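Please look over the sequence and the structure shown below before reading the notes that follow.

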2 protein chains.
Amino acid sequence: MTTEQAFGVVLKRLRAEKQISQEALALESGLDRTFISLLERGRRQPSLSTIFQISNPLGVEAHELVKVVMEELKNQENG
Amino acid sequence: MTTEQAFGVVLKRLRAEKQISQEALALESGLDRTFISLLERGRRQPSLSTIFQISNPLGVEAHELVKVVMEELKNQENG
């Protein structure tokens, strides 16, 4: 699993937990809905700015988001 | 101060604390020395992969690095 795939999995999961649509997340984060869709599918690499922009609407801090992605990567390696 | 400028300041500071050259950091992280130089000058945006690659040789976890950058940004806003 690549970094961007792990990020995509986590992003999709947090958005589902928060029960917000890609459209709503796009609006709140200032990112494009298409870009969010690509991120969730692991087709784009998030930059640090993207991580900062997207974390707040997801109800987490940027560094917490990175930690969850790191844990997702480790789980995949062990599983 | 932009996200990439804050990242550059933190990267340069951590590298100085760790007392490693850009060359050594490049070798250990698998990144190009020129790219590290651009990052330190806030001229490039780090991706999540870059953050993962560069944190370990700096002796920090990726999420800790992001937290320090966030604090740097906040300090600049308040200062």
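A residue counts as buried when its relative accessible area is under 20%. In this predicted model, A:E40 therefore counts as buried, at 9% relative accessibility, and the side chains of A:E40 and A:R15 meet in a salt bridge with 2.5 Å from N to O.

**Salt bridges**
- The pair of A:E40, in helix α3 of chain A, and A:R15, in helix α1 of chain A, links parts of the chain that are 25 residues apart, and A:R15 is likewise buried, at 14% relative accessibility.
- In chain B, B:R15 forms a salt bridge with B:E40, with the closest N and O atoms 2.5 Å apart, and both B:R15 and B:E40 are buried.
- A:R13 forms a salt bridge with A:E72 at 2.3 Å between the closest N and O atoms; A:R13 is partly exposed at 34% relative accessibility, whereas A:E72 is buried at 9%.
- Over all chains, the count comes to 6 salt bridges.

- Helix α3 of chain A, residues 33-40, has A:I36, A:S37, A:L38, A:L39 and A:E40 buried, and the buried residues of α3(A) pack against α1, α2 and α4 of chain A.
- The largest nonpolar core has 45 residues, and those with the most contacts inside it include A:F7, A:I54 and B:I54.
- Leaving aside neighbours within four places in sequence, A:I54 is in contact with residues including A:F7, A:I36, A:L39 and A:L65.

**Relation of the two chains**
- Chain B is superposed on chain A by a rotation of 180 degrees with 0.0 Å of shift along its axis, at an RMSD of 0.0 Å, and the two copies are thus related as by a two-fold rotation axis.
- In chain B, the C-alpha nearest the axis belongs to B:S47, 2.0 Å from it.

Methods: Residues are numbered from 1 along each chain as its sequence is written. Chains are lettered from A and ligands numbered from 1 in the order in which they are written. This is a predicted model: local features need pLDDT of at least 70, side-chain atom pairs count only at pLDDT 80 or more; totals for chains, interfaces and linings use all residues. Side-chain values use heavy atoms; hydrogens and water are left out. A nonpolar core is a set of buried Ala, Val, Leu, Ile, Met, Phe, Trp, Tyr and Cys residues joined through side-chain atoms within 4.5 Å. Buried means under 20% relative accessible area, exposed over 50%, partly exposed in between (1.4 Å probe, protein chains only). Contact means heavy atoms within 4.5 Å. Copies are superposed by least squares on the C-alpha atoms of residues with pLDDT of at least 70 in both. Helices (H or I, at least four residues) and strands (E, at least two) are DSSP runs, numbered from the N terminus. A salt bridge is a side-chain nitrogen of Lys or Arg within 4 Å of a carboxyl oxygen of Asp or Glu.
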